[in-house]
Amino acid sequence: MEVITTTSALKALVKELAREAYVTVDTEFMREQTFWPDLCLIQIAGGNHQAIIDPKAPDIDLKPFHALMTNENVLKVFHAARQDIEIFVHLSGRVPHPVFDTQIAAMVCGFGDQVSYESIVRQLARAQIDKSSRFTDWSRRPLTEKQLNYALSDVTHLRTVYEKLKEELDKTGREPWLAQEMEVLTSPKTYNMAPEDAWKRLKTRLRSKKQLGVLIALAAWREREAQEKNVPRQRIIKDDALIEVATQMPQTREALNASRALPRGFGNSRAGEAILVAVKDGLETDAKLLPPLPGGHEKMPESTQAAAEILKLALKIVAEREGLAPRLLASASDIDAVAQDDEADVPLMNGWRRQMFGAIALDLKHGRAVIGFRDGRAEIMPSAAPFKPTAAAAE
């Protein structure tokens, strides 16, 4: 097994791998105690070479590796690439390209929603992954040969997985679908970690735009603090406490101290002062500049809610018929948006998704198609008669 610990050895490896049509890539990292992932290992394999790169080696510079990641002549193959790419973007400022994500490809090929690496290796490479080293502390040195072998298997089996999936994509003609997904995965916008967008990670239902403005300001403050101090977000303030503050909108130390989700006396701390400033900023934000309230499904008219439920049923029918994971075709928020607006700016209404399901969704919504049964199976069929809205629906 080759473990790369020097820049000269890395340059030699990259020179060989740059001749390959594709390389498989994976990482091992730790994130429990930090905001930014602590990169511990890089595993990489081509057709004739495979190696482990040790980013923690004192005599190594990863620039040759980052150059390979942006070499347009070499396809980079990952499984569930998002976190790996995020690490490389943070370290180098550049997004790897071109990229092939076997998890997304598996969804396109009908292997289900977010299939695990172990599962796809078992199905396509006919191999079993030894999970005994799964919870290794990858930051510790030295690592055992067993641990290194486990890490390297993540890219050696991935070669077979990639080749089988590529063959299936070529056979079904769905490669253009995957290409559209890879455009999103390799867009710099995907990795723009703007603090102002941090609130989107939180699952909550708010009652007013004022609460939303406060939540956005609070989440942005916590994001900046966590990034600057390089600690997990929860170390600054936990999600439930952040949401409670956004809901209650306290404007004094006394009101902040009254929150049961915060430690006693929190309002007297520097963090407490910063939170009160964020609450003030959020309350002063013009409601017209704020996005729609999350969880808006409950506020839709009953007729629109009914349309959304029908479209969700139709989604299951189409996904099963085409051998696709429903989540790949459309999210619940996509469905709700289309139920409310034919011109909704959501992924469902663009590219291959519109061809596969978006157009059907509009036909169902406007009565040009119906859901029926044929031979005991639910199907979507053309409407037998022109749709005539009732007076209530017309209103």
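1. Ser153 lies in helix α6 (helices are DSSP runs of H or I with at least four residues, strands are runs of E with at least two, and both are numbered from the N terminus). With a relative accessibility of 13%, Ser153 counts as buried (under 20% relative accessible area; exposed is over 50% and partly exposed lies in between, with a 1.4 Å probe and protein chains only). When residues up to four places away in sequence are not counted, Ser153 touches Tyr117 and Ile129 (contact means heavy atoms within 4.5 Å).

2. The model is predicted: local features need pLDDT of at least 70, side-chain atom pairs count only at pLDDT 80 or more, and totals for chains, interfaces and linings use all residues. Residues are numbered from 1 along each chain as its sequence is written, and side-chain values use heavy atoms, with hydrogens and water left out.

3. On the overall fold, the protein chain comprises 17 helices and 8 strands. Its C-alpha atoms fill a box of roughly 75 × 65 × 35 Å along the principal axes. Of the 395 residues in the protein chain, 48% are buried. Among contacts between residues at least 6 apart in sequence, 61% join residues at least 24 apart.

4. The largest nonpolar core contains 98 residues (a core is a set of buried Ala, Val, Leu, Ile, Met, Phe, Trp, Tyr and Cys residues joined through side-chain atoms within 4.5 Å). Helix α6, residues 145-172, gives the most to this core, with 10 residues. Apart from this core lies another, of 32 residues, including Trp36, Leu212, Leu242 and Ala278. In soluble globular proteins, nonpolar side chains tend to be buried together.

5. Ile44, Ile53 and Phe357 are the residues with the most contacts inside the 98-residue core. Beyond residues up to four places away in sequence, Phe357 touches Leu311, Ala314, Leu315, Val318, Leu329, Ile335 and Leu348. Leaving aside neighbours within four places in sequence, Val318 is in contact with Leu329, Met356, Phe357, Ile360 and Ile380. The C-alpha atoms of Val318 and Leu124 are separated by 25 Å, and these two residues are 194 apart along the chain.

6. Helices α13 (residues 302-322) and α15 (residues 332-340) pack at about 130°, with their axes 9 Å apart (axes are lines fitted to C-alpha atoms, for helices over the stretch in contact, and angles run from 0 to 180 degrees between N-to-C directions). The two helices are therefore oblique to each other (angles under 35 degrees count as roughly parallel, over 145 as roughly antiparallel, 65 to 115 as roughly perpendicular, and the rest as oblique). The crossing of α13 past α15 is right-handed (the near helix is turned clockwise from the far one by less than a right angle; left-handed is anticlockwise). Thr304, Ala307, Ala308, Leu311, Lys312 and Leu315 of α13 meet Ala332, Ile335, Asp336, Val338, Ala339 and Gln340 of α15. By class, this contact of α13 with α15 has 8 nonpolar, 2 polar and 2 charged residues (Ala, Val, Leu, Ile, Met, Phe, Trp, Tyr, Cys and Pro are nonpolar; Asp, Glu, Lys and Arg are charged; the others, Gly among them, are polar).

7. From α8, Gln211, Val214, Leu215, Leu218, Ala219 and Arg222 meet Asp239, Leu242, Val245, Ala246 and Thr247 of α10. The contact of α8 with α10 has 7 nonpolar, 2 polar and 2 charged residues.

8. In helix α3 (residues 82-92), the buried residues are Asp84, Ile85, Glu86, Ile87, Phe88 and Val89. They pack against β2 (22-30), β3 (38-45), α2 (63-69), β5 (75-78), β6 (99-101) and α7 (175-185). Gly93 follows α3 and has a positive phi, near 80°.

9. Gln103, in helix α4 (residues 102-108), counts as buried at 15% relative accessibility. Leaving aside neighbours within four places in sequence, Gln103 is in contact with His79, Ala80, Gln114 and Val115. Ala194 is in the loop between α7 and α8 and counts as buried at 19% relative accessibility. The C-alpha atoms of Ala194 and Gly372, 178 residues apart along the chain, are separated by 46 Å.
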